[in-house]
Amino acid sequence: MEILISNSSDKPIYEQICIQVKSLIMNGTLTAGEALPSMRALARDLHISVITVQRAYEDLTRDGFIETVSGKGSFVAAQNKEFIQEEQLRIAEELLLKAAQIGRAHGIAYEKMAEILKLFYEE
C-alpha cells in the first residue's frame, strides 16, 4: 500500500491518509479482508507519529472502510455497493458544488454548465 504525504497540502496528514486509503478501497486496489500495515509500520514508513496514523485508522473504522481486531491488526471491511455508491455521490456533490460556485461567480449560465457536465458524463 503506497501512501503519499504532502507537507504543502491544506489537509491534515491523517486526512490525507484517510482519503488515499478510501480511494484504494473504492477502486479495488485494496480488497475486503486484506490486511493494512500496522499503525507503527505505517508511521515508520511515512516518518510520522503513530498517533496520526491511529487517528486516520479510527476515522476509517468509524466510516466503515476498515475493521480493527485487537491483537490481529486492521483489515479492509467488506463493502456493500450502496455504501460505496453513497460515498462516490458525496464526492461528486462536493465537486459539483465547487463548479456551481465558480459558474455563479463568473457569470456562466446554468445551461452552459449543464451542457458541459452532460458532455463529460457522456464521454
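Reader: How many salt bridges does the rule find across the interface of domain 1 and domain 2?

Author: The rule finds 0 salt bridges there. Bear in mind that this is a predicted model.

Reader: What area is buried between domain 1 and domain 2?

Author: The size of an interface is often expressed as the accessible area lost when the parts come together. Here about 380 Å² is buried between domain 1 and domain 2, with 72% of that area given by carbon and sulfur atoms. By class, the side of domain 1 touching domain 2 has 2 nonpolar, no polar and 2 charged residues.

Reader: How many residues of each domain are in contact?

Author: In domain 1, 4 residues are in contact with 5 residues of domain 2.

Reader: Which way do strands β1 and β2 run, parallel or antiparallel?

Author: Strand β1 (residues 66-69) and strand β2 (residues 73-76) run antiparallel and are joined by 4 bridges. Within this pairing, E67 stands opposite F75 in β2. The hairpin has 3 residues between the strands, and G71 takes a positive phi near 80°.

Methods. Residues numbered from 1 in each chain as written. Predicted model: local features only at pLDDT ≥ 70, side-chain atom pairs only at ≥ 80, totals over all residues. Heavy atoms only, no water. Pairing = 2+ DSSP bridges. Helix = DSSP H or I, 4+ residues; strand = E, 2+ residues; numbered from the N terminus. Contact = heavy atoms within 4.5 Å. Buried area = accessible area lost by both parts, 1.4 Å probe. Salt bridge = Lys/Arg side-chain N within 4 Å of Asp/Glu carboxyl O. Nonpolar A, V, L, I, M, F, W, Y, C, P; charged D, E, K, R; others polar.
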